[in-house]
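Here is a friendly tour of one structure, written for someone who likes cut-offs stated openly. Please have a look at it before reading on.

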Amino acid sequence: MFPIGLTEALDEQRTWIVPAGAVLPGDIGAEITALSAPDKPGEITVLPRPLRRPSRVIVAGTGDGDEAAWRVAGAAIVRALDDDEHARIAIPDGTSEDAVRGLAEGLWLAGYRYRDAPEPPRSGRIDLVGADHPAYARALAQAHATATATWLARDLTNTPSSVKNPAWFADQVVAEAATRPGMTVTVLAGDQLERFGGLRAVGAGSVSPPRFVELSWTPSGVTSPRHVVLVGKGITFDTGGISIKPRDGMKLMKKDMGGAAAVIAATLAAADLQLPVRVTALAPLAENAIGGSAFRPGDVITHYDGSTSENTNSDAEGRIVLADALAYAADRLQPDLVLNLATLTGANAVALGKRTAALYSPDDELAAALAAAGDAAGEKMWRLPLPGDYVEYLRSDIADRVSAPQGPGSVMAALFLRDFFGDATWAHLDMSAPSWAEAPDAELTKGATGWGARTLIRYLSTLPGQS
Ligand code: BES
Ligand code: MN
Ligand code: ZN
């Protein structure tokens, strides 16, 4: 990522960026006061100063000055800069640590570019000029970890599926973990997946066989830390399988591993931030392909916990691979908490539109805490119910349940998963809709949004070490 630093003074050689309402001395102060400055976050006014230094000043609206407003302002600022421009942003006295974190997140998140894009990455440097350095340094470090995670999640999701098969994805996790002390990673393949009947079934039609990745962060010096298990759907491409998708519904399905990308990225960030909680990310990785060896509608699948599902639509593959991962977590990891993230149903967007994930949890406290973390992080979610009277739709004549029951799509998928969480406190986020942006929008760039990484990092950062 391009550097953002802290410095003491505005430098005349650089582009200056000042928040609307900032008071600067001398000529520039008067010039700025004379402008009709924007006040909405995301609006900017550019003041060119030919033959003078600084040669331009950008005045940015920061609205009510809270973290979210500064995040939007940061996004607009970075888009106004040339790729190689060195800029200094004047931080007014009394600006909060949260606001600085929002600003830095906005700059980095909107300044993202896909790592294999033809356009090279931004090379300019941005310095923040202001007092209160210890608090601002902390804010910058948090924003850096969050943006690093989001960039990684976006890179993984934007990568074409011709490159991104399950083995490739697992290799990326291994390489990232290797750079961070305190992390371990295991990758299961082939015969090691014997008990993962759902993952094997979904991956059976592809020439690129499935993988199961377990990445964990263990803090040092914390006795019996709380253990959070994050599970993410990792379908590297979803054709729908034999229940094939129509062409419009298939064209973006390289993004069907966005949940896995977010949980991996957040776990790496837990290490970067040295959070005092134990975090394990589980990513069941498979390509849902079409072929002679693909699993069929009507097949009965035996999951990790020995229970069975009748596959009634091979396009409902996400819940089938997640079932194995959740059962594995319950059986092997003794989690205090399990959070599941998945691009699970098209119905998420039908209910909540393009930017809002569906949140499910039987636990009011956890649901409220996650929604609050999402709100603070800039990712929206809305809680939907788990109605007991719809459970009957899951009934199968030949297995413990069907995979694609009648009823409301996103809700039924959550009810399907509920069987596999064991006794842990849990929540599930259906993030199909907000995982992708059709056009740039504030801190989002076009393409993968990296949805979920920011919320998870915020949430994990609120947890105390001891369980
Ligand atoms: N990966 C899709 C869900 C999806 C759709 C994600 C659109 C992002 C954008 C998932 O595997 C799927 O196909 N779900 C089916 C479930 C149905 C067959 C019960 C769906 O939503 O139609
Ligand atoms: Mn599908
Ligand atoms: Zn899918």
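Donors are N, O and S atoms within 2.8 Å of the metal (3.2 Å for Na, K and Ca), and water is not among the atoms, so sites may look incomplete. With that in mind, Asp 238 bridges the manganese ion (ligand 2) and the zinc ion (ligand 3), and the two ions lie 3.2 Å apart. Helices (H or I, at least four residues) and strands (E, at least two) are DSSP runs, numbered from the N terminus. Asp 238 belongs to strand β10 (residues 234-238) and Glu 317 to helix α9, so this pair ties together parts that are 79 residues apart in sequence.

A word on the model: it is predicted, local features need pLDDT of at least 70, side-chain atom pairs count only at pLDDT 80 or more, and totals for chains, interfaces and linings use all residues. Residues are numbered from 1 along each chain as written, chains are lettered from A and ligands numbered from 1 in the order written, and side-chain values use heavy atoms, leaving out hydrogens and water.

| Ion | Protein donors | Distances |
|---|---|---|
| zinc ion (ligand 3) | Lys 233 (NZ), Asp 238 (OD), Asp 256 (OD), Glu 317 (OE) | 1.9 to 2.4 Å |
| manganese ion (ligand 2) | Asp 238 (OD), Asp 315 (O), Asp 315 (OD), Glu 317 (OE) | 2.0 to 2.2 Å |

The zinc ion (ligand 3) has an octahedral site, with angles of 78 to 171 degrees among its six donor atoms. For the manganese ion (ligand 2), the six donor atoms make angles of 74 to 171 degrees and the site is irregular. Its donor residues follow the spacing D-x76-D-x1-E.

Asp 238 and Glu 317 are both buried. Asp 256 counts as buried because its relative accessibility is 2%.

Helix α9 also has a packing partner. α9 and helix α12 (residues 409-418) pack at about 30 degrees, with axes 9 Å apart; axes are lines fitted to C-alpha atoms over the stretch in contact, and angles run from 0 to 180 degrees between N-to-C directions. Angles under 35 degrees count as roughly parallel, and α9 and α12 are therefore roughly parallel to each other.

Definitions and conventions: Tetrahedral: all angles 85-135°; square planar, octahedral: opposite > 155°, others 65-115°. Buried < 20%, exposed > 50% of the residue type's maximum accessible area, 1.4 Å probe, protein only. Parallel < 35°, antiparallel > 145°, perpendicular 65-115°, else oblique.
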